[in-house]
Amino acid sequence: MSEIKLKIDGKEVIAPEGQTILEVARENGIEIPTMCHEDRISQTTSCFVCIVREGKNGNWMPSCSAIAQDGMEVDASSDAVRDMRRSALDLLLSEHTGDCEAPCTISCPAHARVEEYVRAGRDGDLRKTLEIAKERIPLPLSIGRVCPRFCEKDCRRNALDNEGVAINDFKRISADLYYDEYMEERKDLTGQKVAIIGSGPAGLAAAYFLRLEGVASDIYEKLPETGGMLRYGIPEYRLPKKTLDREIAHFEKMGGIKIFCNKELGKDIEIEELKKEYDAVIVAVGSWSATGMRTEGEELARGGIDWLEELARKNWQGEDPGETIVVGGGNTAMDCVRSALRLTDKPVHCMYRRTEKEMPAEQIEIDEAREEGAQFNFLTQPIKLRRENGKLVLECLRMELGEPDASGRRRPVPIEGSEFEVAADTVIAAIGQKTIAPDGLPTNKWGDVDVEEADCRAEGNVFAAGDCVSGPATVVEAVEGGRRTALGVLAYLKGEKCELPRQINVSRGHWQSLSEDDLVFLFDPEEMGRVPQRLIPLEERTSTFKEVSHTFTEEEIYEEGKRCIECSCTAKNDCRLKDYSEVYGAHPETFGGEKGEPTYNARHPHIILDNGKCVKCGICVKICSEVVNDYLLGFKNRGFKTKVETAFNTTLPENCTECGECVEACPVGALDWKKKKDE
Amino acid sequence: MIKRIKVGMASCGIAAGAGEVLELLKEIAQDKEVVEVGCIGHCYAEPLVEVETDSGNYIFEKVQPKEKDLQKLLELDEFTRFQPHNLRIDKERLLITSLAGKIVPTSLDEYKDHKGYEGLKKALEMKPDEIVEEVKTSKLRGRGGGGFPAGLKWSFLAAKESEQKVLICNADEGDPGAFMDRTLMESLPHQVIEGMLIGAKATGARKLFIYCRAEYPLAVKNLNIAIEQIEKEGLNIIDGEPVDIMVKEGAGAFVCGEETALIHSLEGKRGTPRYRPPYPTDYGFHGYPSAINNVETFANVPFIVREGGAKFAETGTENSTGTKLFALAGDLKYSGLVEVPMGISIGEVVYDIGGAEPGSVKAVQIGGPSGGCIPADHFDTPIDYDSLTSLGAIMGSGGLIVIGNDRCMVETARYFLEFTTRESCGKCTFCRIGTKRMLETLERITGGEGSTEDVELLSDLGNKIIRGSLCGLGQTAPNPVLSTLKYFNNEYLAHVEEGFCSAMECKALVDVFIDQETCIECGQCIKNCPVDCISEDYVVDNEVCTRCNSCIEVCPVDAIARIAKGGEVSVRN
Amino acid sequence: MSKEKVMEKSNLIKVLQTEQKKEGFISDAAIERIAEEFDLPVVEVEGVVSFYTQFKRVPPGKYQIMVCDGTACHIIGSTLILNWITDDLGIKDGETDEEGLFSLESVACLGCCSLAPVISINGKVYGKLDRKKLLKIIADYKKKEAAGA
């Protein structure tokens, strides 16, 4: 056979006559993406992701089918070619249904592989649960207890019985059982060292992720003990400090992380010196300044976070505050209310200017506070505080809800002439907290440290993480902030640009917008409610700071695991559509529009055929008809309604399991094994 | 003395009531011969009856199946005689349709009486390459839309060595609004078959298919009769060997007009196209070398061989020779089938032949769903392959729709996109999903929810669909949108920026209004409203109104009209 | 597959058309039977049937109304025609009424562009329609049916 000469992307190549451009490119190490090409079958030429352009005549052609000709100048990678490929992928994504990742994983601020650790737990491997959780969550003992559980709110199980899977409890039990014995793989120390200011969750997380990559750190803590808000902001009954001690002890065991307490910035240490002494500095000082009530006499009230800190310093053995009014509706307010209830027999009130529905606190906190005896006064706004006859008197106004404000919540407006007064021994203002940024660092309009989005760098070699960047947030968000900053620092230390990998996610949507029919079940879901959380007796909850909830038992957690319907795509680790879309910058939302009719067939015990994911490449049809010689799958309909099915949509034969060629060749998860492979 | 009476019984004639006329004529004309003929192209005047007499032939138009009328006709009454307008006679050039409607389609003898099969006879005495050469000399280009030189295509097939070669007549005329091929097959089936047999001789093909749209039952019937007739007479014997001709009916898929899809369909498969090369002349029907030509292309061949390619090339322009059939319809007076010399201007066809009112026409849509819209100020453009392509339209198979000033161009584009979206085979990503997304975008715009970004998306995605599709359907699907974007961008912008449809066509952008001054309160509109949205004092509730136009249609005094949505109109104080 | 058999397969569409002409539609059983006759996979025959719009998988009404949506008809108002029929008979494009009397379908082009707008009922073409004319034609079919019943 004679040889031809052509150029691909300017590179001169020699090829035997009769090969396609794709074949020639591959043999010469030039990667051209394709969804529908498969060596063993005749051409399908449907996806057009492999499109290239002939430079001389400007013709566009699918490289999988176009035969290479002598003298061709093939453009396989210019911006114009990439743009065409991106559009092809955009179009495929626009009709693609499914969930690349499960909603729990997506909603987790730390993006832990939630579905995977739940599955490991259900399968009886709680050590593996811990391992997976710790890929992103280095504080599983604490977060397993105090997390507001973003994952559970978005859990699709809600669509079936209005109760998400008790996901966080998987973390908690796995950490309770294996935290002390589990030690992650760490790279050898490089000799580089970072100073971290603050030993709260953000600082600890930053230290952790730096250490995994071999970078040592010294953590400087202003307070006498480690943990930041975990120790001084979260009450003992939610997170026992012994548990916290256990958690933090691990960091020093990792080797290379040292924590120095009673080192206050500006007094004992200075940023300018740290900058010189260390390769980089991470500021993780949190958001500790309580916001006042902005009313006359506000100085007579205690700040919520200050009050809790004082309590913590007294090892949760504070004085009886007497009758207490806590102003505010957030989690800190609930912490104050519930702590006060444990210290006094007198009434404890929570005063909030909107209604329960608008309260930012977690519902479970509100419910448990109420069980413990808290009295709620909604639609009430304090306007003046004064001391009278040894008591504090709070003047208030009744409110009603008006039009929604910028946050979407209805704005409370005062009712004229509704003034009234209440008396109390202690008034605690748990309105909110502010960051006090260290001097010399750039700040934004809220007073938080202003950092670069990409690498969390504030200036020079100073980075920042956690609440002091984001404003007051949750522990899990602080942990993610710490990780992101660690990535920024690591890139900086290597002299590289910090770039997060591009990730796309196709989603069926939030469970609230879905009916049971919109969901695709690999297996029929078990009908069972959530395993109830066991709590200590109520009288202990109102008189001691003992941890309120028990960790699930292993039996309970296995049961609870059965409730997971495993939303994520079976093919998420080997999906060509996802991979190429990430490379070429395609996005599921570029084109909106109708998706195909959502049909799927999961009746086969081991194989699922999900038309919503099908890209109509036709590989499976041809593999079955041309390679296996069975012809069990075929195209139906035409145009936008084209789909791949068995005859009359019957179930594939049982023994298809022995072959599985179509499943293995499917470029996406349209035809796949039901059992997921963990990678 | 009446010799014979001919009733135009092509589909258009039948639809206009020719069947009843024929029945009645047979009854009352007694001994006189009444025959069914095809279409003379003047569809606007159907049903047409031609009476052959010793002293010449007389045509009567709009003949009603009433005994009194028919009697008059038999008396050759001058009053209802049909006389095509002179401008049309001047501009038309009947090269291939001269016999249409003049002879009985299923009469082999009559065809022969008019030089029928003389071309074949001559061809049988020629060498194959001499025929190919003759066709090359004629510069005949494919009439199906692509315009590929027919002689060249034949030479490819002729050059192939194979146990079997196949010649296919593409009669899957799927363009909505086109009926050239139908008319040829119904009225002149023998002429098409003669062209194919000449092709068989020229290329060595011995298996011939006519792939005909199933929606053309009369064409199928007449072709089958004609095939039976020539087989009986042995006209299908070439070089001592009988040629097999078979009519295959399509089953409703526009994409089968694409040659590789057509071949798949002929093979009994789903009509999806494949990548070319290999071209059908290398790998066609079941792998045999195959050539595919359009009905009109074949219909041209007998003339070329009979009269010579050079004679043929005298008509038309340098690069577009001969004539072209157009199915003329839309906002004009004389709709029907016309045959004009290549190079005639669009304006001549629209105004002179079609009788459209100058000033009332906004554009023509030429080439159907694959073609484009050409605005009235380009009507001096000559109709030839290259000039039309340069305007963003295509010759296409010959659909030519005149679009009046009161039609919305965005809606027109949406209509064509809806058609191609429905007809996409679903193979290529860009065509399968891309046309759907373009359609949805156009629906947003006509629905009053479009944005300027939508207009940009149409142009970007449209160009990508052209590049990223295997076959002609996808490669041309965006043309109606791109050409209207080019020439009628202002209409798109008016829709998205002002929510205004100047044609008052887009439902979401209009209200229905009753002018109280004109209204005579007859109650017709109220009675006929399907959703009861007109009040007793004659005010339309536009929230409920579905814009079905029922009231506008029934109003005896034209007091009801569509107005711009929310438009202010002075009302009676 | 032998060449002979392959050539035979090209008659598949013809056989399906005959079946449809006979039964008015193509049932699952017919697909299975024809697949066996041609020695083809059932899924392939089903795929062919579903590709072409001519083939119906459910029985059509006794009177099949086709509304031409060719270009000429469309620009002159075929959408209105379709809607008027829907208003009158209560069936949408692609539907058959409960009695199985009328079915309604919008089709690409009936090729009678000069008579636009046109519809056909069981193959008989009615052209140059306005609302009154249309409703009368349908009413006549209804009357005819009532008289016959």
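Student: How are α14(A) and α15(A) set relative to each other: parallel, antiparallel, perpendicular or oblique?

Tutor: Two packed helices are described by the angle between their axes and the distance between the axes. Here helix α14 (residues 304–313) of chain A and helix α15 (residues 331–343) of chain A pack at about 45°, with axes 9 Å apart. α14(A) and α15(A) are therefore oblique to each other. On that scale, angles under 35 degrees are roughly parallel, over 145 roughly antiparallel, 65 to 115 roughly perpendicular, and the rest oblique. The axes are lines fitted to C-alpha atoms, for helices over the stretch in contact, and angles run from 0 to 180 degrees between N-to-C directions. Helices (H or I, at least four residues) and strands (E, at least two) are DSSP runs, numbered from the N terminus. One caution: this is a predicted model, where local features need pLDDT of at least 70, side-chain atom pairs count only at pLDDT 80 or more, and totals for chains, interfaces and linings use all residues. Residues are numbered from 1 along each chain as its sequence is written, while chains are lettered from A and ligands numbered from 1 in the order in which they are written.

Student: Which residues of α14(A) and α15(A) meet?

Tutor: From α14(A) come A:Gly304, A:Ile305, A:Trp307, A:Leu308 and A:Leu311, and they meet A:Thr332, A:Ala333, A:Asp335, A:Cys336 and A:Ser339 of α15(A). Being in contact is about C-beta atoms, placed from the backbone, lying within 7 Å. By class, this contact has six nonpolar residues, three polar and one charged. Nonpolar covers Ala, Val, Leu, Ile, Met, Phe, Trp, Tyr, Cys and Pro; charged covers Asp, Glu, Lys and Arg; the others, Gly among them, are polar.

Student: Which residues are buried in helix α16 of chain A?

Tutor: An α-helix has 3.6 residues a turn, so residues three or four places apart point the same way. In α16 (residues 363–371) of chain A, the buried ones are A:Ile366, A:Glu368 and A:Ala369. Buried takes 20 or more other C-beta atoms within 10 Å of a residue's own, exposed takes 12 or fewer, and partly exposed is in between, with C-beta atoms placed from the backbone. The buried residues of α16(A) pack against α15 of chain A. After α16(A) comes A:Gly373, with a positive phi near 110°.

Student: Is A:Pro404 buried or exposed?

Tutor: A:Pro404 is exposed, because it has 10 other C-beta atoms within 10 Å. You'll find A:Pro404 in strand β16 (residues 391–404) of chain A. Leaving out residues up to four places away in sequence, A:Pro404 touches A:Arg409, A:Arg410 and A:Arg411.

Student: Now the chains: how many residues of chain C are in contact with chain B?

Tutor: 39 residues of chain C are in contact with 46 of chain B. On the chain C side, the elements giving two or more residues include α1 (3–9) and α2 (12–23). That side has 21 nonpolar, 13 polar and five charged residues.

Student: Which element gives the largest share of the side of chain A that touches chain B?

Tutor: In that pairing, 26 residues of chain A are in contact with 24 of chain B. The largest share of the chain A side, six residues, is from α2(A). By class, that side has 13 nonpolar, nine polar and four charged residues.

Student: Where are the domains of chain C?

Tutor: Domain bounds come from an automatic or database domain assignment. Chain C is divided into domain 1 (3–51) and domain 2 (63–148), and their C-alpha centres lie 30 Å apart.

Terms used: Two residues are in contact if their C-beta atoms, placed from the backbone, lie within 7 Å.
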